[in-house]
Amino acid sequence: MGEQTVQLDALDARLIAMLAAEPRIGVLELSRRLAVARGTVQARLDKLIARGAIKGFGPEVSPEAIGFGVMSFVTLEISQRYGHDAVAGHLAEIPEVLEAHTITGSGDILCRIVARSNADLQRVIDQIVGYEGIVRAHTIIALAELIPYRTVPLVRSASQA
């Protein structure tokens with residue numbers, strides 16, 4: 001969250017789009033396809049990484065493909081005397097919690113979680129709410145992914161602004 005704002009141009013957008021499409025592509029191949037010097041590609045990559053625009057190059061793992069076919073979103077209401085940090089520490093110990101965000105509205109924290117089955121989802125939710133700093137949980141089971149997490153359209157739009 002502490003990243004600086006990075007101005008993107010058309011070359012940055014094309015570079016990021018190529019990396020998103022082919023994460024294992026090398027700098028030399030990127031420079032060939034973009035028709036710019038290898039040093040230019042490397043400098044752009046270094047800048048985008050240093051400023052936090054590119055956060056990583058790790059594999060994108062499909063929870064469903066490794067046996068976690070149930071995804072849900074859980075809104076947590078927490079006891080204010082425990083605070084967000086203590087609850088975040090508890091949630092971080094549960095592998096099925098993929099992400100957690102503080103939110104506005106009726107809840108305090110929104111989590112995306114996965115489970116092997118509906119019965120396993122109950123186990124994960126029980127583990128989450130087993131912490132006394134969590135007062136209540138509201139769960140919504142995701143039935144189908146309509147738009148997967150994506151950033152390339154956003155990058156293209158930002159580069160044209």
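Modeller: Let's start at the hairpin of β2 and β3: six residues sit between the two strands, and G105 there takes a positive phi near 105°. Before going on, note that this is a predicted model, where local features need pLDDT of at least 70 and side-chain atom pairs count only at pLDDT 80 or more, while totals for chains, interfaces and linings use all residues. Residues are numbered from 1 along each chain as its sequence is written, and side-chain values use heavy atoms, leaving out hydrogens and water.

Strands (E, at least two residues) and helices (H or I, at least four) are DSSP runs, numbered from the N terminus. Two strands count as paired if DSSP finds at least two bridges between them. Strand β2 covers residues 97–102, and five bridges join β2 to β3 in an antiparallel arrangement. One to look for is T102, whose bridge partner in β3 is I109.

Now turn to β1, residues 70–78. This strand also pairs with β3, again antiparallel, over seven bridges. Here V74 has C111 of β3 as its bridge partner.

How enclosed is β3? Strand β3 spans residues 109–115, and five of its seven residues are buried, so the rest of the structure largely encloses this strand. Buried means under 20% relative accessible area, exposed means over 50%, and partly exposed is in between, using a 1.4 Å probe and protein chains only. As background, side chains in a regular strand alternate between the two faces of the sheet.

Rings of Phe, Tyr and Trp (its six-membered ring) pair if their centres lie within 6.5 Å; planes under 30 degrees apart are stacked, over 60 edge-to-face, and the rest tilted. That rule gives a count of one aromatic pair. Its members are Y82 and Y131, with ring centres 5.9 Å apart and planes at 65°, so they sit edge-to-face. Y82 is in the loop between β1 and α4 (83–92), and Y131 is in the loop between α5 (118–129) and β4 (134–142), so the pair ties together parts 49 residues apart in sequence.
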